[in-house]
Amino acid sequence: MTDDNEPMTDGGTDEDARTDGGPPATVPPDDETPTWSERKERSQGLAQLTYQYFERSRREDEDLRAESTYVERDVLGFPAWPHETIRNLAITSFFIGMLIFIAALMPPHFGHPANPGSTPAIILPDWYLYWSFGLLKLNPLNPQLAVLDGNILLGNEFLGIIAHGIVFGAIGLVPFLNKGSARRPVEEPFWAGVGVTGVVLSLTLAALAIQNFFPFELDLLVTLTFLLPVLCGIITYAVLKTMREGYMYDLNRRYYMLRPPK
Amino acid sequence: MSLKKNDEMDHNAWLKRQDLTVIETAFLTTLIWVDKRLRIVDYLELLETMYYRANLQMPKSHTEQYDLDNKFWYWYPLYSLGSLSIIAYLVAAVSGAMLGFYYSPSTAGAAAQGDPTAAYDSVVMILQDVQFGFMLRSIHSWAAQFMVAAVFLHMLRVYFTGAYKEPREVNWILGVVLIGLTLFFGFSGYVLPWKQLSFWAAQIGVEMALATPIVGEWAAQLLFGGFTLGQATLVRMYILHVFVLPFVVTSLIALHVGIVWVQGIAEPH
Ligand code: HEM
């Protein structure tokens with residue numbers, strides 16, 4: 001507690017004009033709130049680890065920046081106006097224009113009303129689900145998976161569902177299987193081959209879905225469905241592997257000219 | 001504190017002291033009037049800070065520094081496939097909202113098997129009676145197909161440029177979820193007109209669900225409203241197509257693009 005003649009907060013001295021309620025009474029300034037560094041010291045367990053990691057990560061960032069040999073450039077990129085704006089408008093209007101043009105040219109077919117009593121000869125989804133429909137037509141493979149005297153182990157539909165799980169699962173696993181900093185297909189011919197196998201497989205599975213349109217035997221089609229993609233994958237691998245040496249030489253030379261090895 | 005006015009802050013006197021044109025006076029008066037009420041100075045300062053941040057000198061990108069663009073410029077158009085997915089999605093959303101004014105998700109009205117239902121009739125009405133309705137359905141259908149194609153090609157672009165590697169694994173997984181939802185979006189829309197192919201596509205869906213052990217029957221009831229197709233199936237597909245999926249897919253796209261914004265586009269090495 002201080003004396004009553006404490007100056008007012010705006011420096012005035014007229015006691016009658018005092019509106020701020022006078023000097024602070026008995027409440028001491030609140031120093032209970034811990035400062036940032038106190039919090040860090042006091043914390044324990046996960047909170048402490050978090051603080052420690054943040055500090056490390058910030059330091060790492062600073063070090064990396066300090067070591068960086070990156071050259072500064074004057075501008076970040078094209079100006080948003082007019083360059084980027086006009087480019088984006090051009091792409092967008094071209095895309096929507098093509099969409100409307102095709103919509104006018106090829107309106108979708110509209111079939112007969114649903115009839116639960118009569119199964120149509122050809123059941124097909126939209127084209128983008130053909131591959132999925134093809135996965136449901138793998139039943140010629142199913143007997144080969146049979147173990148007990150000719151009884152199939154899995155229902156045909158369940159086989160299809162497992163196949164879907166495998167496809168989505170395999171795609172989801174890609175980043176965890178293929179690591180490292182390589183970006184270009186030539187740098188990793190194997191993974192480029194895997195990619196081409198996948199793309200061709202989606203096409204051949206679609207072909208399997210519309211098997212009625214192909215004049216050859218089903219067995220052959222099923223075999224081709226799996227053989228063709230692998231073949232294309234192997235060709236991709238071979239081609240890229242051959243290109244790789246010369247290509248990497250070129251790439252490395254450009255790297256070394258700018259940043260010679262120590 | 002005392003409420004005496006502080007002369008230094010008398011903006012009006014400051015205005016008069018200066019020799020200003022009418023325009024300047026009007027501008028400043030408005031500015032002061034608004035600022036006294038909304039404190040816009042703070043926001044202007046924020047804008048200014050952002051402006052200077054954006055125009056800072058940035059480090060050269062990897063591609064620029066090692067002069068790699070000459071090998072890369074012809075891949076750049078592929079980097080717009082993600083945005084093209086969004087554009088197609090927007091077109092589908094707008095045309096779909098307009099189709100929704102006229103469509104009715106009901107299997108009522110079929111006297112015998114194979115007769116047109118209310119849902120089928122409402123689509124016929126859109127095709128024949130609604131102004132521009134034929135074109136509208138065509139645009140909606142093609143927008144959906146453009147979106148699926150763009151998403152698939154976008155996935156290939158990400159794969160073949162190795163853009164899914166650390167630290168972008170999460171976005172890749174999110175993308176796998178997004179392409180699955182995009183396909184399911186298409187499937188649920190395919191069922192809505194309740195034509196022959198809609199019905200039998202849904203039939204295959206139910207059979208697939210039922211063939212799954214343990215969760216199969218539960219999934220069939222949740223998604224198709226039972227083990228045989230009918231009114232419940234149509235309404236569920238309708239709600240999924242026009243309510244659930246739009247919200248889920250829109251938020252996931254926002255998250256996906258938000259992560260790209262935070263992480264930056266992967267530089268080719
Ligand atoms: C609804 C579907 C999708 C939308 C709207 C979308 C949108 C976008 C956009 C606008 C970008 C910015 C870069 C670009 O345009 O290329 C992007 C990047 C990315 N997307 Fe997608 N995407 C979708 C689906 C997918 C799928 C299916 C995958 C993969 C399975 C995927 C994985 C990625 C990854 C990893 C990036 C970062 C690439 C980089 O940094 O270079 N996205 N996405």
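1. In the naming used here, a helix is a DSSP run of H or I covering at least four residues, and helices are numbered from the N terminus. By that numbering, H9(B) gives the most to the shell around the ligand, with seven residues. The model under review is a predicted one.

2. In total, 26 residues surround the ligand, and Tyr79(B), His154(B), Arg157(B), His256(B) and Ala266(B) are the closest. At least two shell residues come from each of these helices of chain B: H6 (81-100), H8, H9 (169-191) and H12. Sorted by class, the shell holds 15 nonpolar, nine polar and two charged residues.

3. Which protein atoms are donors of the iron atom of the ligand? They are NE2 of His154(B) and NE2 of His256(B), at 2.0 to 2.1 Å from the iron. His154(B) belongs to helix H8 (residues 133-160) and His256(B) to helix H12 (residues 231-263), so that the pair, 102 residues apart, links distant parts of chain B.

4. The site of the iron atom is octahedral, and the angles among its six donor atoms run from 85 to 179°. For comparison, the ideal angles for six octahedral donors are 90 or 180 degrees.

5. Is His256(B) buried or exposed? Its relative accessible area is 15%; because buried means under 20%, His256(B) counts as buried.

6. For Gly82(B), the distance from a backbone N or O atom to a ligand oxygen atom is 3.4 Å.

Note on methods:
Residues numbered from 1 in each chain as written. Chains lettered and ligands numbered in written order. Predicted model: local features only at pLDDT ≥ 70, side-chain atom pairs only at ≥ 80, totals over all residues. Heavy atoms only, no water. Donors = N, O, S within 2.8 Å, 3.2 Å for Na, K, Ca; no water. Tetrahedral: all angles 85-135°; square planar, octahedral: opposite > 155°, others 65-115°. Buried < 20%, exposed > 50% of the residue type's maximum accessible area, 1.4 Å probe, protein only. Near = heavy atom within 4 Å. Polar contact = N/O pair within 3.5 Å; in protein donor to acceptor, adjacent residues only side chain to side chain. Nonpolar A, V, L, I, M, F, W, Y, C, P; charged D, E, K, R; others polar.
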